[in-house]
Amino acid sequence: MRAQRNWFNRQGGGTQTLVVLGGIGLAVGLHFLLWGEVIPAVGALVGRVPVLSTVVGWLYGGGAVMAWGVYAVNRATANPAVRKRLLTTAWAWTPIALACFPSDYADSTALPTDYWAGVYASAYGVIIVPLAGIVISLLSALLVKLFPRLGDVDGGWLGWAWIGYSVLLLVWASTLLRT
């Protein structure tokens, strides 16, 4: 029995093109909406508490990496409904992380230094996710070679590596822009 094709793959080429172009337009509009209205308001709200300001700034990109790590940890053991909700959360958080990437438009926004530190640490962390993925994969291959029993585990430890990477971004945010 063949697996059902998803909705996007059942559409014609023109519809697929329009959906992709609409998604790009939505992402660009979301970027300007977030940096024009939402992020300055949130920055003003949390700006008086440096730790909270840093964490909230980190949430955009760091939260997306964390969501994917939590999904990877629970993928093999969670029931299908929970797994679907975790995957939906991770996919929903990813465009937010990309839309919150600071651009020239965003640089003109006045935000507390701690908030900017969180934003930049998470943005740089999202940019280097491919490199981090290569490093994590190489380290996991080395660990499986050194400890063969890790290869028998469901792979949740790889999700913990992504969660650790996300926390490392938060630690980096707490030290960034402090000089």
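**Helices, a pocket and one glycine**

Tutor: Along the sequence, the protein chain reads α-α-α-α-α-α-α-α. The model is predicted, with local features needing pLDDT of at least 70 and side-chain atom pairs pLDDT 80 or more, while totals for chains, interfaces and linings use all residues. Residues are numbered from 1 along each chain as its sequence is written, and side-chain values use heavy atoms, without hydrogens and water.

Student: How many helices and strands are there in the protein chain?

Tutor: The protein chain has eight helices and zero strands. Both are DSSP runs numbered from the N terminus (helices: H or I, at least four residues; strands: E, at least two).

Student: Why is helix 2 called oblique to helix 6?

Tutor: Two packed helices are described by the angle between their axes and the distance between the axes. For helix 2 and helix 6 (residues 113-127), the axes come within 9 Å and cross at roughly 125°. Axes are lines fitted to C-alpha atoms, for helices over the stretch in contact, with angles from 0 to 180 degrees between N-to-C directions. Under 35 degrees counts as roughly parallel, over 145 as roughly antiparallel, 65 to 115 as roughly perpendicular and the rest as oblique. Helix 2 is therefore oblique to helix 6.

Student: Which residues make that contact?

Tutor: Helix 2 contributes Trp35, Ile39, Val42, Gly43 and Val46, and helix 6 contributes Tyr115, Trp116 and Val119; contact means heavy atoms within 4.5 Å. By class, the contact of helix 2 with helix 6 has seven nonpolar, one polar and no charged residues. Ala, Val, Leu, Ile, Met, Phe, Trp, Tyr, Cys and Pro count as nonpolar, Asp, Glu, Lys and Arg as charged, and the others, Gly among them, as polar.

Student: What makes Gly22 partly exposed?

Tutor: Gly22 lies in helix 2 (residues 13-46). Its relative accessible area is 41%. Buried means under 20%, exposed over 50% and partly exposed in between (1.4 Å probe, protein chains only), so Gly22 is partly exposed. Of the 179 residues of the protein chain, 32% count as buried.

Student: Which residues line the largest pocket?

Tutor: The lining consists of Ala64, Val65, Trp68, Thr94, Ala97, Leu98, Val126, Val129 and Trp162. Eight of these residues are nonpolar, one is polar and none is charged. Helix 3 (50-74) and helix 4 (80-99) each supply at least two of the lining residues.

Student: How far does the C-alpha trace of the protein chain span along its principal axes?

Tutor: The trace spans about 55 × 50 × 30 Å.

Terms used
1 Å grid on protein atoms, 1.4 Å probe; cavity = no way out; pocket = protein on both sides within 12 Å on 5 of 7 lines; lining within 4 Å.
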